[in-house]
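The following questions and answers concern a predicted model. Please consult the sequence and the structure while reading each answer.

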Amino acid sequence: MKMNIAPRGLPALLTLAMAALFTLDVSLALAQTENSAVPKTHKWDYIALAKVPEKARAKRNPLENDTDAAAAGGKLFEQHCAECHGIKAEGGKKGANLRAEQVQQATPGALFWILTNGVVRHGMPVWSKLPEPERWQIVMFLKTFTASAVPKSCPVPE
Amino acid sequence: MAGHRFCPQYALLRAAIARITAFPSACSLSGQDLKRHRMVSCARVSFLGLFVLLCSFLFCPRTFAQESPYIVTYDHYLEEPGSLEMEYFSTFGTQRGGNDFHAFWVEFEYGATAWWTTEFYLDGQTTFHDSTLFTGYRWENRFRPLQDEHFINPVIYIEYEQISEADKIIKEVEGHDVESDHGDPNAALRQNHNHELEFKLLLSKTFKGWNVAVNPLATKNLSPNNPWEFGYAVGASRPLALKASPRRCNFCRENVIAGVEMYGGLGDTQSFGLHDTSHYLAPVVAWNLPSGWTLRLSPGFGLNDNSHRLLLRWGVSREFSGFGEMVSRLFGGSR
């Protein structure tokens, strides 16, 4: 049932682990070398919006009368979304510009559906791990761009 | 290369890497010298690596992690693409008929794509009044076959592990694993190594803030004439608050996720069932800090006489975003 293995495998393994650790370390050290937030729009960025089921599209935001929702959504956006979509939702190398007309004209229900289901094949993970109210808070925050201005209460860094 | 423009240390760093990793030709050194040279180079690499790791912890970007509290069970959420999560876990275990132990592992979890996460583990343990050992490594992959969220979300889990019998992290319980397997001295246990392939089907659903996950597993020792072994893990968890507060805070209830998990063995193909198996019930709690750190705690209790009476686990992890992009840039890519 068991296999005896001579300990000669260990130095090779350690070397491999060290190499992995080293690659990791160097990469992390270079994290600040370049600002990669160069907006880039791919044709598939907004196609997912067209695929939202009608029932989901018609869903209303239960927090639309919650005055704190957009501010809380701004905080959540900064924590979970800004890495790909840019700190001001202007888009990045990996994520679409969320200030774009296509997004701003989408219904809250459609944005909620995209958040919940992701666009997995194109790199956007599912975010159903955030509780439903938090996802609606993010939708509220995204909808603040419709008026081309972010309310002062939203904690978006300069 | 783009990195030069932004980081003056970049060229120096690359030169240092080249110098450190440059080996003389194998023909120019005798076997003993070559071995010694490799050891020295390896030591240099590790020291430089540790130094850079310490520095990078101060400067590299991190993301707020919404990590589940489970330690054994998996839900269907994968690592965000391009993000690296580094984790350290400890398990203190009581041992009847032997010495108590402290087992630990380090985990590097990388989101290769939105549908594939890969992880590398290094395991070790200290048995009190005995010794401390490196016990092996594991390479784990999780694949998400379906794009959208469904009523139940499946993820396929495949792991290769090469661990010695002294491994005590008890990351999963399978077959007829029982407490007495860990009672022998390390000197005896470390002699036997296992090469195993492990398959899990991770089924998970999140509804109204509750996550419920069920993980049946099957393991095959790759040496001949070993049966398939089976086991399970199930878990349920929920954040303490479902709505985020508008202010940035460490102690908000939304940052804490609590739950419970249960895991155990189900025998093997020759004797399937619950006899001679061990089972555990463990409350779990995770605290996700806005600084990017996650702390986890889980006291696990053995449910029958074959189980360790207590497995007290805790862990700390941190997520670094954009890791893939950093590596790509390091090697000249422009991803």
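Q: Is Asp130(B) buried, exposed or partly exposed?
A: In this predicted model, Asp130(B) has 17 other C-beta atoms within 10 Å. A buried residue needs 20 or more such atoms, and an exposed one has 12 or fewer. The count for Asp130(B) lies in between, and therefore the residue is partly exposed.

Q: Between which two strands of chain B does the loop with Asp130(B) lie?
A: Strands β3(B) and β4(B) form a hairpin with four residues between them. In the turn, His129(B) has a positive phi of about 60°. The loop that holds Asp130(B) lies between β3 (116-127) and β4 (132-143) of chain B.

Q: Which residues does Asp130(B) touch, apart from those up to four places away in sequence?
A: Asp130(B) and Gln66(B) are 64 residues apart in sequence, and their C-alpha atoms are 38 Å apart in space. A contact, by contrast, requires C-beta atoms within 7 Å. With residues up to four places away in sequence left out, Asp130(B) touches Asn99(B), Pro185(B) and Asn186(B).

Q: Which residue in β4(B) is the bridge partner of Trp116(B)?
A: Strand β3(B) pairs with β2(B) in the antiparallel sense through 12 bridges, and Thr113(B) stands opposite Trp116(B) there. Strand β3(B) also pairs with β4(B), again antiparallel, over 11 bridges. In β4(B), the partner of Trp116(B) is Phe143(B).

Q: How many residues of helix α5 (residues 323-330) of chain B are buried?
A: The buried residues of α5(B) are Phe323(B), Gly324(B), Glu325(B), Met326(B), Val327(B), Arg329(B) and Leu330(B). Just after this helix, Gly332(B) takes a positive phi of about 90°. Of the eight residues of α5(B), the number buried is seven.

Q: Which elements of chain A give two or more residues to the largest nonpolar core?
A: The largest nonpolar core has 37 residues, and those with the most contacts inside it include Leu111(A), Ile114(A) and Leu142(A). The elements that give two or more residues to this core are α4 (69-80), α5 (82-85), α7 (108-117) and α8 (132-143) of chain A.

Q: With which residues is Leu142(A) in contact, leaving aside its neighbours within four places in sequence?
A: In soluble globular proteins, nonpolar side chains tend to be buried together. Leu142(A) is among the residues with the most contacts inside the largest nonpolar core. Beyond its sequence neighbours within four places, Leu142(A) is in contact with Ala89(A), Leu98(A), Val103(A) and Leu111(A).

Conventions:
Residues are numbered from 1 along each chain as its sequence is written. Chains are lettered from A and ligands numbered from 1 in the order in which they are written. This is a predicted model: local features need pLDDT of at least 70, side-chain atom pairs count only at pLDDT 80 or more; totals for chains, interfaces and linings use all residues. Two residues are in contact if their C-beta atoms, placed from the backbone, lie within 7 Å. A nonpolar core is a set of buried Ala, Val, Leu, Ile, Met, Phe, Trp, Tyr and Cys residues joined through C-beta atoms within 7 Å. Two strands pair if DSSP finds at least two bridges between them.
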